[in-house]
Amino acid sequence: MTTTIYGIKNCDTMKKARAWLDGHSIAYEFHDYKAAGIERARLKTWAAKLGWETLLNRAGTTFRKLPDADKAGLTEARALALMLDQPSMIKRPVLEVGDKLLVGFKPEVYEKELRASKR
C-alpha cells in the first residue's frame with residue numbers, strides 16, 4: 001500500500017508529521033505543493049471525500065491576506081479554484097494511505113489509523 005504525504009517542505013506541521021512517519025519506520029512519498037502543485041482531479045476527489053471546508057486552511061497567512069471580497073460567500077468551486085491557484089491554502093499535511101485520507105497532524109490519529117492500515 002502506497003503512503004503519500006502532501007504539503008509544503010518548510011511547514012512546521014509537515015516537519016512533525018514526517019518526523020513521526022520516519023520515527024515509526026513508515027515509508028512514504030512526499031509531494032511538495034510548492035514544487036509540483038496539485039492536480040485538479042485529486043483536489044476534487046479529496047473534497048468529495050472530506051468536504052472542501054476541511055481542506056481549506058482558513059487560519060493560514062495566505063488565506064488571511066485575501067481581500068474580504070474573495071473570502072466572503074465561498075462556494076466549493078471558488079474554494080477549489082483558490083486552493084489550485086495557491087496550494088498553501090490547503091491544510092497540511094494531507095496523508096493518503098491507500099483509500100484513507102488524513103488531514104492535519106495528530107500523533108494519536110496517525111498511530112490509530114496507520115496501525116489499522118498495517119493489519
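Author: Please bear in mind throughout that this is a predicted model. Trp 20, Phe 105 and Tyr 110 come together in one aromatic cluster.

Reader: How many aromatic pairs does a search of the whole structure find?

Author: The search finds three aromatic pairs. One of them joins Trp 20 and Tyr 110 in an edge-to-face arrangement, with 5.5 Å centre to centre and 90° between the planes. Because Trp 20 belongs to helix α1 and Tyr 110 to helix α8, this pair ties together parts that are 90 residues apart in sequence.

Reader: And what about Phe 105 and Tyr 110, what are the distance and angle there?

Author: Phe 105 and Tyr 110 are also an edge-to-face pair, at 4.8 Å centre to centre with 90° between the planes.

Reader: Is Phe 105 buried or exposed?

Author: Phe 105 has a relative accessible area of 18%, and since the cut-off for buried is under 20%, Phe 105 is counted as buried. Tyr 110 is buried as well, at 1% relative accessibility, and Trp 20 is likewise buried.

Reader: What does Tyr 110 touch, leaving out residues up to four places away in sequence?

Author: With those left out, the contacts of Tyr 110 include Ile 5, Ala 17, Trp 20, Leu 21, Leu 95 and Leu 102, and among them are also Pro 93 and Arg 115.

Reader: Which residues have the most contacts inside the largest nonpolar core?

Author: Those are Trp 46, Met 83 and Tyr 110, in a core that has 35 residues. Helix α7 gives the most, with five residues.

Reader: Switching to the sheet, what is the order of the strands?

Author: The four strands form an open sheet in the order β2-β1-β3-β4, and their pairing is mixed. Strands β2 and β4 are at the edges with a single partner strand each, so one side of each has no neighbour in the sheet. From one strand to the next, the twist averages 20°.

Reader: Which strands pair in the parallel sense, and over how many bridges?

Author: Strand β1, residues 3-7, pairs with β2 in the parallel sense over four bridges, and Thr 4 stands opposite Glu 29 of β2. Helix α1 packs on the sheet, where α1 touches β1, β2 and β3, and its direction makes about 165° with that of β1.

Reader: And how do β3 and β4 pair?

Author: Strand β3, residues 94-97, and strand β4, residues 100-103, pair in the antiparallel sense over four bridges, with Val 97 having Lys 100 as its bridge partner in β4. Their hairpin has two residues between the strands, and Gly 98 there takes a positive phi near 60°.

Reader: Last topic, α3: where does α3 lie, and which residues of α3 are buried?

Author: Helix α3, residues 40-50, lies across β1, β3 and β4 and runs at about 85° to β4. The buried residues of α3 are Leu 43, Trp 46 and Ala 47. Seen down the axis of α3, these buried residues fall within an arc of 100°, so they line one face of the helix. Ala 41 and Ala 48, on the other side of α3, are exposed.

Reader: What comes just after α3?

Author: Gly 51 does, with a positive phi of about 95°.

Note on methods
Residues are numbered from 1 along each chain as its sequence is written. This is a predicted model: local features need pLDDT of at least 70, side-chain atom pairs count only at pLDDT 80 or more; totals for chains, interfaces and linings use all residues. Side-chain values use heavy atoms; hydrogens and water are left out. Two strands pair if DSSP finds at least two bridges between them. Axes are lines fitted to C-alpha atoms, for helices over the stretch in contact, and angles run from 0 to 180 degrees between N-to-C directions. Contact means heavy atoms within 4.5 Å. Buried means under 20% relative accessible area, exposed over 50%, partly exposed in between (1.4 Å probe, protein chains only). The arc is that of the directions from the helix axis to the C-beta atoms. A nonpolar core is a set of buried Ala, Val, Leu, Ile, Met, Phe, Trp, Tyr and Cys residues joined through side-chain atoms within 4.5 Å. Rings of Phe, Tyr and Trp (its six-membered ring) pair if their centres lie within 6.5 Å; planes under 30 degrees apart count as stacked, over 60 as edge-to-face and the rest as tilted.
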